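Subject: A structure for you to explore

Hi there,

Here is the structure I promised to pass on.

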Amino acid sequence: MNSRSPKGSDPSHPSDERSSTTDARGLTPYTPSVALALGGGGARGLAHILVLEVLDELGLKPTVIAGTSIGAIFGAAYASGLSARLIRAHTEEVLSQRFGLAQALLAARSEPVLKLLNFLPVRSSLLSPHLLLDQVLPSKVAQDFAGLSIPFKAVATDFYAQEQVVIDTGDLRSAVAASIALPALFSGVMRENRLLMDGGLVNPLPFDVLEGTADVTVAIDVTGASKGPGKRPQPSPLTALVASSQILQRSIVREKLRARQPDIYIDVDVDKFYVLEFHRFKEVLAAAQPAKDQLRRQLERVLASERAEMLACDTGGPGEPQRRKYRLAGLRRLTRRRPA
């Protein structure tokens, strides 16, 4: 099921590929278009793989994808036409080869400092995001936005202007590199005379940049919530530094949701994982399975029981072209929130 719009379609409704058949009421049924926002969260964002699996299993192709940080990595791969199965297999291969990952990280060094990840002694806290992507991205990921099969937006932060930058043209890998460039861990990325860093500093869950691009907006939040009271180990300085960024990102997401909400919001329960615990790949996916199941139910509800319908009506005067009016039947915002 392809919900992308053909050239010349109504820009206010990007999915214009509809059946020509009508029902007894003269209404033309169609599948609502879906826009997907993949948030940032470090290793917690491995859960995005399960989200992509749901889309493939339902035969649903997003109209557009927006991604921040690790959401930009998986978003770029999926927008390049890679299946969720291939993305999962590649990610598992990279992360299961700890020595190979260590070599990749060492190759990505850009300046001397301390220790990266809980298992890897490295004399560098500033890595080159470009070189790291060269090591870990699948080879079939597009080099340029023009080569994507799904429109994609990478969210980054202009360090000096202190504002959001949404990148959707030009070199794809530099855009993703900018989106993942977490300060103190990665060096910044120069692009069009701007120093760009991690998009999570300004927009950890970029569903708002998708406004008006599809009938239904799906947002996947992997920032994690409070771990609650209890005895916890003392974090290392690096872990505490990176986790502090996640605390700020979670606060940003909470404030955004007070102002507006996507149509489907999934808060993935991956709180127990630290941002740099990529070696716990299988555990992250297991913890995210309930969120995958919930997303499937909510999408099926929108696509089936709350099927969208297009009304064709002549609203123009004499000699004026007929205009189409669109309606989503009974669509309400659907969320998966964990108990407070």
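Let's begin with strand 6 and strand 9 (residues 194-198): they run antiparallel and are joined by three bridges. If you want a pair of residues to look for, Thr157 has Met197 as its bridge partner in strand 9. Please keep in mind that this is a predicted model.

Strand 6 has other partners too. With strand 7 (residues 163-167), strand 6 pairs in the antiparallel sense, over five bridges. Here you can find Val155 standing opposite Val166. The two strands make a hairpin with four residues between them, and in that turn Gln162 has a positive phi of about 55°.

Strand 3 (residues 64-68) runs parallel to strand 6, and four bridges join them. Val155 turns up again here, as the strand 6 bridge partner of Thr68.

Now, are the residues of strand 6 buried or exposed? Seven of the seven (residues 152-158) are buried, so the strand is largely enclosed by the rest of the structure. You can check this on both faces: Phe152, Ala154, Ala156 and Asp158 point one way, Lys153, Val155 and Thr157 point the other way, and all are buried.

Finally, take a look at helix 5 (residues 129-136), where the buried residues are Pro129, Leu132, Leu133 and Val136. These cover an arc of only 100° around the axis, which means that they sit on the same side of helix 5.

Enjoy exploring, and write back with any questions!

Best wishes

Note on methods: Residues numbered from 1 in each chain as written. Predicted model: local features only at pLDDT ≥ 70, side-chain atom pairs only at ≥ 80, totals over all residues. Heavy atoms only, no water. Buried < 20%, exposed > 50% of the residue type's maximum accessible area, 1.4 Å probe, protein only. Arc of directions from axis to C-beta. Pairing = 2+ DSSP bridges.
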